[in-house]
Amino acid sequence: MTRRHVALRAYDGAVASLFSVAAMAAIAGCTADGPTDRTDGSGATSRAPAASPAPAASTTAPSAVSLVPELDESKQPKTAAEARELLARILITEDAFGPGVVRSTPFESGSGRWPVLDGGCVWQTADLPLDVLATNTRYFQIPAADGHGRVRLNATVTVHRDRRESGWETARAMEEVLRCPDQKLREGEQLKGLLGNAMYQGEQLNNWSEDAFNEIGTYVSEQDGGPHRYFWYQAQFGPVTVAIAGKGAEGFKDETLTQLVVQGNSRMIAQAKQALGKAAG
């Protein structure tokens with residue numbers, strides 16, 4: 001078995017785990033009155049009919065319909081100011097992740113800049129493209145303690161002019177991974193061996209987002225060492241994309257990092273649906 005096959009087999013397992021957790025978090029977020037509770041998976045499974053001979057096949061389509069509301073186009077922002085107001089309603093704070101997560105310094109990116117992966121696989125910043133009304137990233141961390149190093153988490157929300165453009169953002173993300181499996185974030189920080197997977201609504205386990213994309217690889221930093229596990233998890237609803245990046249650390253479980261990434265993303269996509277979806281009934 002080649003090293004590539006080993007990497008792909010490990011990636012498949014990580015993706016299955018990621019989307020299983022995401023499905024449970026999305027169901028919990030849509031059925032509970034309060035914020036998403038990722039620790040309570042029993043409520044989701046108990047809703048399936050006991051006599052169903054094939055639960056996985058019979059429940060996927062109804063869940064996809066129930067977890068993704070119809071977009072109310074009248075609620076879409078038309079100006080940059082309206083988009084920034086929407087961002088403020090969707091972006092999460094450290095409370096969405098739970099105890100132990102704190103704000104980093106700086107806490108927020110500049111709202112007028114956009115990340116671009118250049119021809120040399122190095123991330124640069126540029127002015128916002130015409131299809132983007134507003135974007136913002138917030139930075140969090142779990143300080144080193146209890147036998148593990150510092151863990152980093154980023155939350156990003158981008159508001160496009162329409163859902164077609166937000167869909168293209170997901171397509172470009174997949175293209176970037178194929179073009180640049182190794183990427184330089186900034187001086188002293190790199191991503192290595194990235195593999196990506198995109199799933200439209202209804203494909204595999206994606207029943208909560210119009211389009212979903214995830215990538216997995218390793219993170220190496222002069223400050224934080226490495227290689228450590230890296231996850232990027234992105235979802236789309238209407239003109240909005242939401243994403244969480246997780247950078248692991250020595251002594252920090254990959255499963256815990258996955259849960260944090262999915263938990264933050266599930267909260268933001270739920271808030272995007274609440275802000276832009278048509279009311280039930």
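1. Cys 121 sits in the loop between strand S2 (113–117) and strand S3 (123–127), and Cys 180 in the loop between H5 and strand S6 (183–186), so the pair ties together parts that are 59 residues apart in sequence. Both Cys 121 and Cys 180 are buried, where buried means under 20% relative accessible area, exposed means over 50%, and partly exposed is in between (1.4 Å probe, protein chains only).

2. Before going further, a word on provenance. This is a predicted model, so local features need pLDDT of at least 70 and side-chain atom pairs count only at pLDDT 80 or more, while totals for chains, interfaces and linings use all residues. Residues are numbered from 1 along each chain as its sequence is written, and side-chain values use heavy atoms, with hydrogens and water left out.

3. On confidence: pLDDT is the predictor's confidence in each residue, from 0 to 100. The protein chain has a mean of 79, and 72% of its residues reach 70 or more. Residues 1–66 are the part to watch, with pLDDT below 50; beyond near neighbours in sequence, that stretch has 61 contacts in the model. A contact here is heavy atoms within 4.5 Å.

4. Overall make-up: the protein chain has six helices and ten strands, taken as DSSP runs (H or I, at least four residues, for helices; E, at least two, for strands) and numbered from the N terminus. It has 281 residues, of which 47% count as buried. Of the contacts between residues at least 6 apart in sequence, 64% join residues at least 24 apart.

5. Helix H5 (residues 163–179) passes a quick geometry check: its 17 residues should span 24 Å at 1.5 Å a residue, and the end C-alpha atoms are 25 Å apart, which agrees. The expected span is 1.5 Å times one less than the number of residues. Buried positions in H5 include Glu 165, Glu 169 and Glu 176, along with Ala 173 and Val 177. At the start of the helix, a side-chain oxygen of Asp 162 comes to within 3.1 Å of the backbone nitrogen of Arg 164.

6. Two buried residues are worth a click. Gln 263 lies in helix H6 (residues 254–276) and has a relative accessible area of 9%; its side chain reaches the backbone oxygen of Phe 97 at 3.5 Å. Leu 133, in strand S4 (residues 132–142), is at 7% relative accessibility. Leu 133 and Ala 83 are 50 residues apart in sequence, yet 6.0 Å apart in space, C-alpha to C-alpha.

7. Most residues other than glycine have a negative phi, and most peptide bonds are trans. Cys 121 has a positive phi of about 65°, and Asp 146 has one near 55°. Cys 121 is buried at 16% relative accessible area, whereas Asp 146 is exposed at 79%, in the loop between S4 and strand S5 (151–160). The Thr 105 to Pro 106 peptide bond is cis, with omega near 0°, and so is the one from Gly 226 to Pro 227, with omega near 10°. Pro 106 is in strand S1 (residues 102–108) and Pro 227 in strand S9 (residues 225–237).

How values were computed
Polar contact = N/O pair within 3.5 Å; in protein donor to acceptor, adjacent residues only side chain to side chain.
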